[in-house]
Amino acid sequence: TTTFVQSVAWSPDSTRYLTGSGDGVRQWDAATGELLHHTTTTFVRSVAWSPDSTRYLTSGDDGVRQWDAATGELLHHTDTDTVWSVAWSPDGTRYLTSGDGGVRQWDAATGELLHHTATTFVRSVAWSPDGTRYLTSGDGCVQIRDVITGSVCGVTIVLCPGGEVVVYDSSANMVVGVTEQGWRWLGWSALQDGHIERLPAETFGELPLLPSS
């Protein structure tokens with residue numbers, strides 16, 4: 001048995017898995033369920049394997065740590081604000097962390113900060129398979145971002161109250177689809193008589209409906 005488990009991750013070679021909890025991280029044999037290693041550390045919110053299964057990351061309230069999977073030796077500790085999610089790049093050279101301060105990209109070999117995209121709270125991050133983009137989620141929306149610049153690219157999915165959804169294309173700077181009542185949560189800001197007025201979403205034409213499932 002373990003304490004409450006916050007995160008799990010299967011090793012890319014499928015032989016082991018990790019569990020992260022309040023008293024550290026445990027490594028288990030996937031075939032037998034045998035406990036292979038228990039590394040006691042601070043509260044663990046997220047775990048992620050390196051693509052070659054030789055290292056793993058843990059994140060928590062005092063940053064992110066990188067560990068040797070065979071020995072449990074600490075390789076790097078980057079002390080930042082609370083990190084809610086970690087994700088290793090497909091080529092194994094970088095990893096992402098997310099939290100209150102946005103998204104940070106790190107050099108996996110040195111622990112050097114490569115890029116910081118300051119945004120609102122980001123709960124989760126995930127790389128694209130080709131390593132050129134990543135997904136973020138938090139504050140009711142899902143965004144695709146460019147790895148080099150950190151800028152939003154492609155579509156942004158906004159989750160509105162009542163289960164309504166809005167899809168926005170940042171490249172075209174336009175709403176490309178909404179659910180039937182999604183328009184209720186949209187509007188245009190316009191300056192009128194020295195005051196900012198909110199105009200109805202369909203002021204400049206009807207909004208395209210998303211296909212119903």
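View A. Two elements, β5 (46–49) and β9 (83–88), each give two or more residues to the lining. The largest share, four residues, is supplied by β5. By side-chain class, the lining comprises nine nonpolar residues, two polar and no charged. The model is predicted: local features require pLDDT of at least 70 and side-chain atom pairs pLDDT 80 or more, whereas totals for chains, interfaces and linings use all residues. Residues are numbered from 1 along each chain as its sequence is written, and side-chain values use heavy atoms, with hydrogens and water left out. Nonpolar covers Ala, Val, Leu, Ile, Met, Phe, Trp, Tyr, Cys and Pro, charged covers Asp, Glu, Lys and Arg, and the others, Gly among them, are polar.

View B. With a relative accessible area of 14%, A9 is buried (buried is under 20% relative accessible area, exposed over 50%, partly exposed in between; 1.4 Å probe, protein chains only). Eleven residues separate A9 from G20 in sequence, and the C-alpha atoms of the two are 8.8 Å apart in space. Strands are DSSP runs of E with at least two residues, numbered from the N terminus.

**View C. Strand β7 (residues 63–68) pairs with strand β6 (residues 55–60) and with strand β8 (residues 74–78).** Two strands pair if DSSP finds at least two bridges between them. Six bridges connect β6 and β7 in the antiparallel sense, and a hairpin of two residues joins these strands. Within this pairing, S59 has V64 of β7 as its bridge partner. On the other pairing, β7 and β8 run antiparallel over four bridges; here W67 stands opposite L74, and Q66 stands opposite H76. The hairpin of β7 and β8 has five residues between the strands, among them G72, whose phi is positive, near 80°. Strand β7 is mostly covered, with five of its six residues buried.

**View D. Ring pairs join W10, Y17 and W28 into a cluster.** The structure contains six aromatic pairs. The ring centres of Y17 and W28 lie 6.4 Å apart with the planes at 20°, so this pair is stacked. Y17 belongs to strand β2 (residues 16–21) and W28 to strand β3 (residues 24–29), so that the pair links distant parts of the chain, eleven residues apart. Y17 is partly exposed at 26% relative accessibility, whereas W28 is buried, its relative accessible area being 14%. Rings of Phe, Tyr and Trp (its six-membered ring) pair if their centres lie within 6.5 Å; planes under 30 degrees apart are stacked, over 60 edge-to-face and the rest tilted.

**View E. The rings of W84 and F121 form an edge-to-face pair, with centres 5.5 Å apart and planes at 85°.** This pair also links distant parts of the chain, 37 residues apart: W84 is in strand β9, and F121 is in the loop between β12 (113–117) and β13 (124–127). W84 is partly exposed, at a relative accessible area of 26%. R45 lies over the face of W84, 4.1 Å from the ring centre. The charged end of R123 also sits over the ring of W84, at 4.5 Å from its centre. A charge sits over a ring if NZ of Lys or CZ of Arg is within 6 Å of the ring centre and within 35 degrees of the ring normal.

**View F. L135 is placed in strand β14 (residues 133–138).** Its relative accessibility of 38% makes L135 partly exposed. T156 is 21 residues from L135 along the chain, and the C-alpha atoms of the two are separated by 9.8 Å.
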